[in-house]
Amino acid sequence: QKAQRGTVGGGLPAAIASMHDDANLGLDLGLLKGIGGVRLPEERVLDVPPRLDALDDSDGALEELGQRAMSQEYDPQAFASLRRLQILDHHRNGSISDRASLSVCNVTWNVAGLAPTPASVLEALGPSPAVLPDLVIFGVQEAVELSSREVLLTDNSASVLWRGLLESALVSWGEASDGKGSSSPKRGSVELAPARPSPPVFAFKRSSSQPSLRGMSVRGMELQAERCPYVLVGSTQLVGIILTVWARRDHSAHCAEVRSATIGTGALGFLGNKGAAAIRLRCYHTSLVFVCVHLNANKSAPEARNTEYKTIEAKLAFTVPRSTALTLTSSLSAVRDAPKGAREITLRLRHHDVVVWLGDLNYRLALPTAE
């Protein structure tokens with residue numbers, strides 16, 4: 001019933017979507033000819049690019065085949081051929097064999113322009129878990145003082161500083177846990193690390209000058225990176241908003257198609273003293289987006305915060321090659337909406353499987369301070 005739910009008449013995207021529905025059934029290769037009540041052709045099959053069998057450039061080969069299929073009038077046999085090849089490709093990659101969960105640790109911290117130290121970053125990250133989470137997402141707000149100069153001329157050295165301090169903290173995490181990270185994702189649904197009851201509070205003085213990593217040699221940085229159980233997947237900054245995404249080493253090779261984007265919603269409606277910094281990626285065969293935000297701080301302006309949220313949700317965008325957008329069901333609608341023949345596709349938040357928001361949203365409970 002699930003396989004018969006979709007139709008192929010809409011063209012290539014519908015054919016691929018139908019393939020994904022079938023893939024979720026956990027098919028055996030011996031049953032391919034009877035998928036969804038559609039018998040795959042035996043006599044007339046569209047020519048398969050030779051390099052498809054090598055799988056070194058399978059996405060490119062499938063894209064080439066798809067373009068050939070779309071360049072003619074609708075041909076059920078041509079689309080069935082493409083459908084069969086994609087199922088075979090996904091089966092070889094193991095992407096339809098099972099579902100698994102990844103544990104994700106999200107940390108958000110408004111530092112109010114305070115200078116971080118290794119100890120403060122480690123404490124913000126929290127105690128070392130018995131099992132290291134698969135992904136660590138660390139978002140910072142007000143990493144620089146939100147002066148007019150900083151808003152107009154962002155100091156990117158703050159991002160470099162935070163990456164170095166976070167890497168050092170993750171090394172300590174790994175050493176304390178004795179590398180007890182699981183070797184593969186666990187079966188089940190996506191799990192998020194439990195939130196701590198309250199954010200860390202540090203008695204730091206404001207400082208216009210950030211500490212630096214100059215005391216560490218290049219070799220020292222290399223050794224720290226080698227000892228770190230995590231690999232930096234992506235990093236981005238919008239004035240005082242900094243977002244970094246880290247993947248445990250055994251997952252890092254499966255994190256690809258990384259893109260970053262920022263959008264300002266602050267002064268004049270577009271400056272970066274408020275807004276969002278986001279990173280999207282494909283982890284295994286699931287597309288993820290992490291959005292770190294800092295919204296309007298006016299206590300009596302909830303509608304302003306709502307408007308900023310809607311603006312970020314509607315306008316935050318990532319540009320990816322067409323072949324990338326075709327690899328996941330969640331982004332196929334973006335391909336359909338793009339101009340015909342477009343090589344670059346714009347992905348919005350809605351074109352991803354999982355979207356995680358974190359940051360200083362500035363919403364408040366209407367209760368007395370004591371409560």
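Trainee: What volume does the largest cavity have?
Mentor: In this predicted model, the largest cavity has a volume of about 30 Å³.

Trainee: And how many cavities of 30 Å³ or more does a search of the whole structure find?
Mentor: The search finds one cavity of that size.

Trainee: Which residues line the largest cavity?
Mentor: Its lining consists of Glu257, Arg280, Ser287, Thr324, Ala325, Thr327, Leu328, Ser330, Ser331, Leu347 and His351.

Trainee: How do the residues of that lining divide by class?
Mentor: Six are polar, three are nonpolar and two are charged.

Trainee: Changing topic to helices: at roughly what angle do the axes of H4 and H6 cross?
Mentor: The axes of H4, residues 118-125, and H6, residues 157-177, cross at roughly 60 degrees and come within 9 Å. H4 is therefore oblique to H6.

Trainee: Is that crossing left-handed or right-handed?
Mentor: The crossing of H4 and H6 is right-handed.

Trainee: Which residues make the contact?
Mentor: H4 contributes Pro118, Val121, Leu122 and Leu125. From H6 come Trp162, Leu165, Leu166, Ala169, Leu170, Ser172 and Trp173.

Trainee: How many nonpolar, polar and charged residues does the contact of H4 with H6 have?
Mentor: That contact has 10 nonpolar residues and one polar residue, with no charged residues.

Methods. Residues are numbered from 1 along each chain as its sequence is written. This is a predicted model: local features need pLDDT of at least 70, side-chain atom pairs count only at pLDDT 80 or more; totals for chains, interfaces and linings use all residues. Side-chain values use heavy atoms; hydrogens and water are left out. Axes are lines fitted to C-alpha atoms, for helices over the stretch in contact, and angles run from 0 to 180 degrees between N-to-C directions. Helices (H or I, at least four residues) and strands (E, at least two) are DSSP runs, numbered from the N terminus. Angles under 35 degrees count as roughly parallel, over 145 as roughly antiparallel, 65 to 115 as roughly perpendicular and the rest as oblique. A crossing is left-handed if the near helix is turned anticlockwise from the far one by less than a right angle, and right-handed if clockwise. Contact means heavy atoms within 4.5 Å. Ala, Val, Leu, Ile, Met, Phe, Trp, Tyr, Cys and Pro count as nonpolar, Asp, Glu, Lys and Arg as charged, and the others, Gly among them, as polar. On a 1 Å grid over the protein atoms alone, a cavity is a set of points where a 1.4 Å probe fits but cannot get out, and a pocket is an open set with protein on both sides within 12 Å along at least five of seven lines; lining residues have an atom within 4 Å of a point. Grid points are joined across faces, edges and corners, and a volume is the space filled by probe spheres set on the points.
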